[in-house]
Amino acid sequence: MQCAIQACLQRNAYNERKCSHLIDALYECCAEFYRRQGEDASSVCCPKYTLLKLKISQRQQAETDAELRETRKR
């Protein structure tokens, strides 16, 4: 999955928005990993559990902010 993210970023001039579906999929996979293995588990592919929670929260907030901005433009 990391290779797909890296390839996507390279293809899109490192515009993370164009690859967000892949990043979200990685974070979903990591969240499932921690649900199964516990919060103290570790993986070279996933951020630590507390950082993962923060990243997911930030990404959800960014989506909400983007929707609000789009609504205000109309």
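## Model and overall fold

A contact means heavy atoms within 4.5 Å. Among contacts in the protein chain between residues at least 6 apart in sequence, 30% join residues at least 24 apart. The model is predicted, so local features need pLDDT of at least 70 and side-chain atom pairs count only at pLDDT 80 or more, while totals for chains, interfaces and linings use all residues. Residues are numbered from 1 along each chain as its sequence is written, and side-chain values use heavy atoms, with hydrogens and water left out.

Helices (H or I, at least four residues) and strands (E, at least two) are taken as DSSP runs, numbered from the N terminus. The protein chain has three helices and zero strands, and its pattern along the sequence is α-α-α.

## Surface and burial

Accessible areas come from the Shrake-Rupley method with a 1.4 Å probe, and for residues only the protein chains shown count as cover. The accessible surface of the protein chain is about 5900 Å². Carbon and sulfur atoms account for 50% of that surface.

A residue is buried under 20% relative accessible area, exposed over 50%, and partly exposed in between (1.4 Å probe, protein chains only). Of the 74 residues in the protein chain, 20% are buried.

## Nonpolar core

In soluble globular proteins, nonpolar side chains tend to be buried together. A nonpolar core is a set of buried Ala, Val, Leu, Ile, Met, Phe, Trp, Tyr and Cys residues joined through side-chain atoms within 4.5 Å. The largest such core here has 13 residues, and Ile5, Leu26, Tyr27, Cys30 and Leu52 touch the most other members. Helices α1 (2-11) and α2 (20-37) each supply at least two residues of this core. The largest share comes from α2, which gives seven residues.

Leaving aside residues up to four places away in sequence, Ile5 touches Leu22, Ile23 and Leu26.

## Disulfides

A disulfide is a pair of cysteine sulfur atoms within 2.5 Å. The structure holds two of them. Cys8 and Cys19 form one, with their sulfur atoms 2.1 Å apart. The torsion about this S-S bond is about -95°, so the disulfide of Cys8 and Cys19 is left-handed. Cys8 sits in helix α1 and Cys19 in the loop between α1 and α2, so that the pair links distant parts of the chain, 11 residues apart. Both Cys8 and Cys19 are buried.

Cys30 is joined to Cys46 by a disulfide, S to S 2.1 Å. Its S-S torsion is about -90°, so the disulfide of Cys30 and Cys46 is also left-handed. Cys30 lies in helix α2 and Cys46 in the loop between α2 and α3 (49-73), so this pair ties together parts that are 16 residues apart in sequence. Cys30 counts as buried because its relative accessibility is 0%, and Cys46 is buried with a relative accessible area of 14%. With bonded cysteines counted along the chain, the disulfides follow the pattern 1-2, 3-4.

Cys29 is in no disulfide, and the nearest cysteine sulfur, that of Cys30, is 5.7 Å away. With a relative accessible area of 44%, Cys29 is partly exposed.

How far is the sulfur of Cys45 from the closest cysteine sulfur? That sulfur belongs to Cys46 and is 6.0 Å away, too far for a bond. Cys45 is partly exposed, with a relative accessible area of 37%.
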